[in-house]
Amino acid sequence: MADSMNRGGMPDGRGAISAPSASGAQPADAAATSGFEGARENAQALADQVRSKIAVQLEKHRAPSLLPKHKPFKRDRHKPVKVAFFRYCYYDPAFKFFVEQVLDAEYLPLPAPTKRTGELGALHSSDYVCTPFKHHLGDYIEALELGANVIVQFCGPCRLGYYGELHESILRDLGYEFDMLNFSVGAEEGALGWAKQCMKTVNPDLSVTNGLVKLAATADMAVKLDEARDFYLANAGFERERGAFERTWNALMDDMRAAKTDRDIGAAYRRAMEAMRAIPLDKPADPIRIGVVGEMFTAIDERSNLGLDAKLLALGVEVHRALNLTNRWIRYNEPNLRASAADYLTYDMGPTSTLTVAAAHRYAQEGFDGIIHAKSAGCTPEIDCVPVLQRVSADFQLPVLYLTYDSQTSDTGLDTRLEAFYDMLAMKKEKMRK
């Protein structure tokens, strides 16, 4: 592949992707730095433009909604605005930073999900809707029970972009009163539409200038969380002291939750990386390496994939996953990704499919021992990837384990499949050494 690869499975300035370095080397990322500083420098000019348009357009009549009519929710002006997101992977600190620093509102953290969370979501969802929909709905119900009066749904590359209106309709039918900050609404207007939604739904006194600067810091936090997680996955399976990496990771999460500025974010990241690099390892020169690809929610969210990361690390493997918020949203370049796997990709396959195939192709080229493809049941884009992954597997003699999750997937059954997959890879690796 002609394109060079940067650390952390992230597209470089040309849009290529790479597997994270096992050594954890941290080359400077000029593109990310430039983007962050550019956002700061241009914030005032863009803010003036957005503010002037918002002042006019907020007065216009909103297009008719597809949702059923309901009694408008009248917020108590003396009651604080409590904003809640759905649970998603390790991005809770970034969601908190966004609410507190960008929206200037109160963030309502959710406790760890329980069996009841999934049951609530499944009870009020269609049997045939994908599992992330059910997880989100269960999260929203618990958030509203805990006192949230604003819930957030951001637009996604697949059916997730339609989920907000359906969730809102179901929740209102259940009798909940709330406002929904749905970033699918106004998406056609880009930053202007989203700014209008934030001001209308959460905070009419929102400072657009400060919001843009803090939004850049939010993106920087997501990037640093992804980079730290890449190092964690590549090395935590070989720690001498059990739990050392997890303690360091938890400390990083606490520091990120306490961050108020981009300087705090950078300091927390540096402390965590120094601590993780200092952890003693018993890592072989040629460990078993597994690349994880798949659907945006299931492949990365440990609740949705039943702790896939932890299960693989417990087996003693080096794990790589190109899919994260950084690669899919912040530095995403679909044409370049498609070009990197031109033998397998002719058109944009949509949602996460191009990244799935391009990452699998890269892992195959770099001699990985196996690939795991994780998706929710009924995920059409990732179903389309399966025949392409089968071609990659045949061309490179690379085993692929296909995991499909729904609300009934057995944790024990997953353990058995992962252990069998690991044993197969270990035997194949040993045979090739002889």
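View 1. Aspartate 104 counts as exposed, at 58% relative accessibility. The model shown in this and the other views is predicted. The residue belongs to the loop between helix H2 (92–102) and S2.

**View 2. The open sheet S2-S1-S3-S4.** Four strands make up this open sheet, in the order S2-S1-S3-S4, and the pairing is parallel. Strand S2 (106–107) and strand S4 (179–182) stand at the edges with a single partner strand each, so one side of each has no neighbour in the sheet. Strands of a sheet pair through backbone hydrogen bonds, either parallel or antiparallel.

**View 3. Pairing of S1 with S2.** Strand S1 (residues 82–84) and S2 run parallel and are joined by two bridges. Lysine 82 has glutamate 106 of S2 opposite.

**View 4. Strand S4 and its partner S3.** Strand S3 (residues 150–153) runs parallel to S4, and four bridges join the two. Opposite glutamine 153 stands asparagine 182 in S4. In a regular strand the side chains alternate between the two faces of the sheet. In S4, Asp179 and Leu181 point one way, while Met180 and Asn182 point the other way. Are these four residues of S4 buried or exposed? All are buried.

**View 5. Helix H6.** Helix H6 (residues 191–201) is mostly covered, with eight of its eleven residues buried. Which residues of H6 are buried? They are Leu192, Gly193, Ala195, Lys196, Gln197, Cys198, Met199 and Thr201.

**View 6. Cysteine 158 and cysteine 379.** A disulfide is a covalent bond between the sulfur atoms of two cysteines. For cysteine 158, the closest cysteine sulfur is that of cysteine 379, at 6.1 Å. The cut-off for a disulfide is a sulfur pair within 2.5 Å, so the separation of 6.1 Å is too far for a bond. By this rule the count of disulfides comes to zero. Cysteine 158 is partly exposed, its relative accessible area being 31%. Cysteine 89 is also partly exposed, with a value of 24%.

**View 7. The crossover from S7 to S8.** Strand S7 (residues 370–376) and strand S8 (residues 400–405) run parallel and are joined by six bridges. From S7 the chain passes through helix H14 (residues 380–396) to S8, and this β-α-β crossover is right-handed. Within the pair, isoleucine 372 has leucine 401 of S8 as its bridge partner.

**View 8. Glutamine 397, between H14 and S8.** Glutamine 397 lies in the loop between H14 and S8. Where does its phi fall? Phi is near 55°, which is a positive value in a residue other than glycine. Glutamine 397 counts as exposed, at 58% relative accessibility.

**View 9. Alanine 299 and serine 376.** Alanine 299 is placed in the loop between S5 and helix H10 (308–314). The residue is buried, with a relative accessible area of 0%. Serine 376 is 77 residues away from alanine 299 along the chain, and their C-alpha atoms are separated by 8.6 Å.

**View 10. The largest cavity.** How many cavities of 30 Å³ or more does a search of the whole structure find? The search finds one. The volume of the largest cavity is about 30 Å³. Its lining is made up of Val292, Val293, Gly294, Ala322, Leu323, Thr352, Leu355, Thr356 and Ala359. Strand S5 (289–294) and helix H13 (353–365) are the elements that give two or more residues to this lining. By class, six lining residues are nonpolar, three are polar and none is charged.

**View 11. Asparagine 333 and threonine 354.** Asparagine 333 sits in the loop between helix H11 (325–330) and helix H12 (334–340). The residue is partly exposed, with a relative accessible area of 26%. Threonine 354 is 21 residues from asparagine 333 in sequence, and the two are 9.9 Å apart in space, C-alpha to C-alpha.

Key. Residues are numbered from 1 along each chain as its sequence is written. This is a predicted model: local features need pLDDT of at least 70, side-chain atom pairs count only at pLDDT 80 or more; totals for chains, interfaces and linings use all residues. Side-chain values use heavy atoms; hydrogens and water are left out. Buried means under 20% relative accessible area, exposed over 50%, partly exposed in between (1.4 Å probe, protein chains only). Two strands pair if DSSP finds at least two bridges between them. A crossover is right-handed if, with the strands pointing away from the viewer, the path from the first strand over the helix to the second runs clockwise. On a 1 Å grid over the protein atoms alone, a cavity is a set of points where a 1.4 Å probe fits but cannot get out, and a pocket is an open set with protein on both sides within 12 Å along at least five of seven lines; lining residues have an atom within 4 Å of a point. Grid points are joined across faces, edges and corners, and a volume is the space filled by probe spheres set on the points. Ala, Val, Leu, Ile, Met, Phe, Trp, Tyr, Cys and Pro count as nonpolar, Asp, Glu, Lys and Arg as charged, and the others, Gly among them, as polar.
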